[in-house]
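Keep the model open as you read.

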Amino acid sequence: MRLPSKNGRTDEEKSIKQIRYAIDQGVNYLDTAIAYMNEPLIGKALQDGYREKVKIATKLPPWNVKTKEDIENIFKVQLNNLKIEYIDYYMLHSLNAANWNKMVELDILTFLDKIKTAGKIKNTGFSFHGDKETFKEIVDSYNWDFCMIQYNYLDEETQAGPAGLKYASKKGLGIIVMEPCRGGNLTQTVPPEIQKIWDKSKVKRTPAEWALRWVLNHPEVTCVLSGMNKKKHIKENLKIAAKTLPNSLTEDELDIIGKVRDKYRTLMKTGCTGCGYCMPCPCSIDIAKCFEIYDSANIFPTNKIETQIRYAMGLSVIHGKIAYASNCTKCGRCERQCPQELPIIDLLNDVSNNMEGFITKIFPFIFKTYLCFNKYQTKRKARKICRK
Ligand code: SF4
Ligand code: SF4
């Protein structure tokens, strides 16, 4: 994700140059997904001997499959897109309770066994954006080789959280961390209150270095993914990765990071820590996600359209069904469970007033139409591959 772009489209020439530069400098893992729409570009970058130097990870999108045939078709297209014989790390993309149940109904584990035995994939895993209980359930359901979780110092407690990280690691899974810099939030626009805290530290580091070092400090972490679209990002990340060891942050350094986290939390409107104890909600609202997106929009402002698209993506498309704040019937069940004693009903009302609008209403429909078109194209492509 986040490859360099030109005139609103991925800059293919520049992207291939950067990917190859990164591999030449020692990067040995490339993460993609059919949903990122750049597998064919990665396939081109892997030509000229680059495939042998790097491990490839890609993902199956549960929201884009209805039948076992869809799964087979997508997999065929992915191999063809990447122009490779096998995939090193194959994942079920963005699992949460709804996506996981759907995958189980489609007997996905038998499919994974089949393609692994056939040598078409080397390692099986899943990327995760659900709640803690679902994470544990998924980890226990199969002999996974690895998982991918969102983990950064600000969202430490959300989704799988530290307990999930430790649990999966103890079970022998490799842990790949995504969003170490929260999609660039923690590095691009640093609020002055936060910068003041960083400035007090004896050791001077960029916000990216603090964020990456915090993740790499965990001995359970196998690999950290960071979206890079400038050569200077690649150089900086390589430098950080080369010199950072697990358990290398001092007490003082961890204290500074803790202060930055606390300050970010005071800048948040909701005070939600993302623990997930308030869920499941009988109206299917992803309460923690609603608050996470709302808080992000307030601390790291973007334009209204982008904010609404992010909200719609996070709470309808990826979630499997519409989980908007406005679904709340005010039953009060969640408030009794919240350890922070947050006025969840009032906060959801704020979220709904500030985040929902015309775009969040039409987005699920537009995305559904896009998925139908995409599915049709995948089917055609898969048929063509079979004929060849
Ligand atoms: S009060 Fe609203 S958000 Fe909370 S459990 Fe009831 S419906 Fe869900
Ligand atoms: S609203 Fe409360 S219980 Fe729910 S995720 Fe946030 S802090 Fe946890």
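There are 18 salt bridges in the structure, which is a predicted model. Side chains of opposite charge can pair when their charged atoms come close. Start with Lys44 and Glu12. Their closest N and O atoms are 2.7 Å apart, and the two form a salt bridge. Lys44 sits in helix H2 (residues 39–45) and Glu12 in helix H1 (residues 12–24), so this pair ties together parts that are 32 residues apart in sequence. Lys44 counts as partly exposed, because its relative accessibility is 43%. Glu12 is also partly exposed, at 34%.

Next, find Asp31 and Lys59. Their side chains form a salt bridge, with 2.9 Å from N to O. This pair links distant parts of the chain, 28 residues apart: Asp31 belongs to strand S3 (residues 29–31) and Lys59 to strand S4 (residues 55–60). Are Asp31 and Lys59 buried or exposed? Both Asp31 and Lys59 are buried.

Asp255 forms a salt bridge with Lys259, and the closest N and O atoms lie 3.1 Å apart. Both residues are in helix H11 (residues 251–267), four residues apart, so about one helical turn separates them. An α-helix has 3.6 residues a turn, so residues three or four places apart point the same way. Asp255 is partly exposed at 42% relative accessibility, and Lys259 is partly exposed at 44%.

Salt bridges can also join up into a network. One such network links Arg205, Glu209, Arg213, Lys243 and Glu253.

Now turn to helix H4 (residues 97–105). Which of its residues are buried? They are Asn99, Trp100 and Met103. Viewed down the H4 axis, these buried residues fall within an arc of 100 degrees, so they line one face of the helix. Their cover includes S4, strand S5 (87–95), helix H5 (108–117) and helix H6 (132–141). Asn96 caps the N-terminal end, with a side-chain oxygen 3.2 Å from the backbone nitrogen of Ala98. Just after H4, Asp107 has a positive phi of about 55 degrees.

The largest nonpolar core has 74 residues. Leu92, Leu112, Phe126, Ile149 and Tyr153 touch the most other members. Helix H3 (residues 68–82) supplies the largest share of this core, six residues. A second, separate core holds 27 residues, among them Cys272, Ile287, Cys290 and Cys338.

Setting aside residues up to four places away in sequence, Ile149 touches Phe128, Phe135, Ala160, Leu165, Ile175, Ile176, Val177 and Met178.

Finish at strand S7 (residues 146–150). S7 is mostly covered, and five of its five residues are buried. In a regular strand the side chains alternate between the two faces of the sheet. In S7, Phe146, Met148 and Gln150 point one way, while Cys147 and Ile149 point the other way. Residues pointing in either direction are all buried. Which strand pairs with S7? Strand S6 (residues 121–128) runs parallel to S7, and four bridges join the two. Within this pairing, Ser127 has Met148 of S7 as its bridge partner.

Conventions:
Residues numbered from 1 in each chain as written. Chains lettered and ligands numbered in written order. Predicted model: local features only at pLDDT ≥ 70, side-chain atom pairs only at ≥ 80, totals over all residues. Heavy atoms only, no water. Salt bridge = Lys/Arg side-chain N within 4 Å of Asp/Glu carboxyl O. Buried < 20%, exposed > 50% of the residue type's maximum accessible area, 1.4 Å probe, protein only. Arc of directions from axis to C-beta. Contact = heavy atoms within 4.5 Å. Polar contact = N/O pair within 3.5 Å; in protein donor to acceptor, adjacent residues only side chain to side chain. Core = buried A, V, L, I, M, F, W, Y, C linked by side-chain atoms within 4.5 Å. Pairing = 2+ DSSP bridges.
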